[in-house]
Amino acid sequence: INLTSPTTTDADRLMATLLVFLSQTPHPNKLASDMFKAKTKWFVNLGAYEMVRGDQKSFVSGSRSFGWATVEVTAVDVVMESAGDILLELRVLKEEKKYDFMFLSVVDIVQKRTFLLLCGGRELALAREAFGANCPTSAACGAEKFNELHASIYLTVEDTKMDIGSRISRKKEFVPPVDAVLSSPWEPVPEVKSVLEEAPFAFLSGKGLTCCKFERQYSLKSGAGHVHSSQ
């Protein structure tokens, strides 16, 4: 991130110098800014499916597994416009890969600030334990879109986005605290381990526990897919 990331190497610094020279850019910061803006525009245009899967890695800690996707952009707001669809894609990917937990971090590379998108009660409980219960949460999407998520009754729309502050590196600042928690005797609180969380696509209705399914519809014109849920 403009050579400020904890994972920056000497090779990165050398390549940045070469790029400045080859592009005849007057200042390294301008080159970095232009590249970040281009990346943000390109990444957001990919849609929720690719944003979740484009830079996603799998991790195992003890007997449990989790996935972590990350998006590095210059404007968080443009990503949050698709937050509802991203949350749906997180739940679908979590089920596809049989993860115990699934996260996506949106990194503001200008402000050096990161937000987590939380798609379930387990993710909320683990994030609070790993990053601190004092990390503020807010709504990532509107109530109508959240209802399509059919998340645990222990996750509210107001807890779908968590501000984890100045942490920006998945390798050094996101995964280690999560791994430390999962390697300890910690367990999600009992209600989060209920049948509602064990059944990834279950929710409560007036008739009790109801299951739903997610289907992906594709556009013949664009080839893009969109997930929607049905009972």
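A residue is termed buried under 20% relative accessible area, exposed over 50% and partly exposed in between, with a 1.4 Å probe and protein chains only. Helices (H or I, at least four residues) and strands (E, at least two) are DSSP runs numbered from the N terminus. The structure is a predicted model, in which local features need pLDDT of at least 70 and side-chain atom pairs count only at pLDDT 80 or more, whereas totals for chains, interfaces and linings use all residues. Residues are numbered from 1 along each chain as its sequence is written, and side-chain values use heavy atoms, with hydrogens and water left out.

The sheet is considered first. Six strands form an open sheet in the order E1-E2-E3-E4-E6-E5, with mixed pairing; two strands are taken to pair if DSSP finds at least two bridges between them. E1 runs antiparallel to E2 and is joined to E2 by six bridges, with Val60 opposite Ser65 of E2. These two strands form a hairpin with two residues between them, and Gly62 in the turn has a positive phi of about 65 degrees. E2 is largely enclosed by the rest of the structure, because nine of its 10 residues are buried.

Eight bridges pair E2 with E3 in the parallel sense, and Val73 has Asp108 in E3 as its bridge partner. Strand E3 (residues 101-108) is in turn joined by six bridges to strand E4 (residues 113-118), the two running antiparallel. Asp108 has Arg113 as its bridge partner in E4.

Two helices pack against these strands. H6 lies across E2, E3, E4, E5 and strand E6 (161-163), and runs at about 60 degrees to E3. Helix H8 (residues 170-182) packs on the sheet and touches E1, E2, E3 and E4, its direction making about 155 degrees with that of E2. Contact here means heavy atoms within 4.5 Å; axes are lines fitted to C-alpha atoms, for helices over the stretch in contact, and angles run from 0 to 180 degrees between N-to-C directions.

Aromatic side chains were examined next. Rings of Phe, Tyr and Trp (its six-membered ring) pair if their centres lie within 6.5 Å, and planes under 30 degrees apart count as stacked, over 60 as edge-to-face and the rest as tilted. The structure holds four such aromatic pairs. In one of them, the ring centres of Trp68 and Phe131 are 6.4 Å apart and the planes stand at 75 degrees, so the pair is edge-to-face. Trp68 belongs to strand E2 (residues 64-73) and Phe131 to helix H6 (residues 121-131), so this pair ties together parts that are 63 residues apart in sequence. Trp68 and Phe131 are both buried. Elsewhere, Lys161 lies over the face of Phe115, at 5.2 Å from the ring centre; the criterion is NZ of Lys or CZ of Arg within 6 Å of the ring centre and within 35 degrees of the ring normal.

Helix H5 (residues 83-96) has 14 residues, which at 1.5 Å a residue should span 20 Å, in agreement with end C-alpha atoms 20 Å apart. The expected span is 1.5 Å times one less than the number of residues. H5 is mostly covered, with 11 of its 14 residues buried; among them are Ile86, Leu87, Leu88, Glu89 and Arg91.

Leu87 is also in contact with Thr160, whose other contacts beyond four places in sequence include Leu116, Leu118, Ser138, Cys141 and Phe146. Thr160 and Leu87 are 73 residues apart in sequence and 8.4 Å apart in space, C-alpha to C-alpha. Thr160 lies in the loop between helix H7 (143-149) and E6 and, at 0% relative accessibility, counts as buried.

Most residues other than glycine have a negative phi. Lys98, although not a glycine, has a positive phi of about 60 degrees. Lys98 is placed in the loop between H5 and E3 and, at 56% relative accessibility, counts as exposed. Lys112, likewise not a glycine, has a positive phi of about 55 degrees. The loop between E3 and E4 holds Lys112, which counts as partly exposed at 29% relative accessibility.
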